[in-house]
Amino acid sequence: MRTIEWHNGRVRMIDQRLLPLEYRVVEYDDYHQVAEAIRDMVVRGAPAIGAAAAFGLALSARQSRAENVPALMADLEQAAEVLRRTRPTAVNLSWALERMLRRARAGRWGSVTELTTALEAEALAIADEDVQVNRRIGEVGAAIVPDGANILTHCNAGALATVEYGTALGVVRMAVEQGKRVHVWVDETRPRLQGARLTAWELMRDGIPMTLIADNAAGHLMRAGRVDLVLFGADRVAANGDVANKIGSYQLAVLAKENGIPCYAVSPISTIDLSLATGDEIPIEERPAEEVTVIDGRRIAPEGVPVYNPAFDVTPHRYLTGIITENGIAYPPYGVSLRKMVNGGG
Ligand code: MRU
């Protein structure tokens, strides 16, 4: 199944907290549950979070007791606020909610039912488009993957981070579909271990050659000439090309530059936020201390230890070779090229 889908008026998603030990699908009929699922990372990854929020808003319309369209609009605005507050860094969340609200505001709805139905259709369109976008990103990106490449990736920018197929892993998948031989170095990605748990699971299921490494092994491998390409996803791209992605991405990009290795961020257009001039303006989520001090229910650090747990970092654009989108690859100067990509590429 897809990472997230709409089924008989309910939202279904794979519970990513349990993988790879257990594959469980959860179903929600209350948008508050969807908000909690986003916050608790049942569903995670920028595009998947966007789709989840869209379905959440569609659910809120079904749940609403409003008897007329203006009352439903008020309920929708309130539900969007609840969903928006769940995770701050991935711009796809507010992008999807804004798109849903635009659709709601734009129509001349004859009834509450008409608007509710239109919102379900819009959420389904967001999910379907994500799948198509990822395949196009794959086609664009596969062009820069050399045959025989050793690719290093971070976190999970795969099918599980999207509705289907993936962004950074979509590029890998497409290169493989095109007959290229690749091998992927998978960073474990502390503290939530999205690499060890999710990327490893996805690639092994697809039979794509991979090796799991501790995060701190990356520099050693690069210096030894065992990495040809670094590919990671994006949670928000600022107008100047600075990229927020999972904590640890920045150090990989710096190491790649130091070792003369190309490093690309892979980002759908929906992740580009031209309203922010630089990455300094991107809000960085801080998550609970327990993500660092507890592994699998077992405490590994002293009780009461002070912890700082930023979930994302910003890679300044100068460390990136390019930014792969569905409309083409943006190269420096990003102020010009990203705008062009957002307007359709070419
Ligand atoms: O905290 P997460 O797991 O939601 O973070 C995910 C990432 O940082 C991904 O690399 C990013 O969202 C791109 S996903 C296609």
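Which strands does helix α2 lie across, and at what angle does α2 run to β1? Helix α2, residues 46-63, lies across β1, β2 and β3, and runs at about 20 degrees to β1. Terms, quickly. Helices (H or I, at least four residues) and strands (E, at least two) are DSSP runs, numbered from the N terminus. Axes are lines fitted to C-alpha atoms, for helices over the stretch in contact (heavy atoms within 4.5 Å). Angles run from 0 to 180 degrees between N-to-C directions.

Ground rules. This is a predicted model: local features need pLDDT of at least 70, side-chain atom pairs need 80 or more, and totals for chains, interfaces and linings use all residues. Residues are numbered from 1 along each chain as its sequence is written, and side-chain values use heavy atoms, leaving out hydrogens and water.

Now the sheet. It is open, with three strands in the order β1-β2-β3, paired antiparallel (pairing takes at least two DSSP bridges). The edges are β1 (4-7) and β3 (25-28), each pairing on one side only. From one strand to the next, the twist averages 25 degrees. Four bridges join β1 to β2, residues 10-14. One detail: W6 has V11 in β2 as its bridge partner.

On to the ligand. It has 19 residues around it (a heavy atom within 4 Å), and the closest are R44, R87, D235, N245 and K246. Polar contacts are N or O pairs within 3.5 Å. A polar side-chain atom of D235 sits 2.7 Å from a ligand oxygen. The protein covers 100% of the 410 Å² of accessible area that the ligand has on its own (Shrake-Rupley, 1.4 Å probe).

Notes. Polar contact = N/O pair within 3.5 Å; in protein donor to acceptor, adjacent residues only side chain to side chain.
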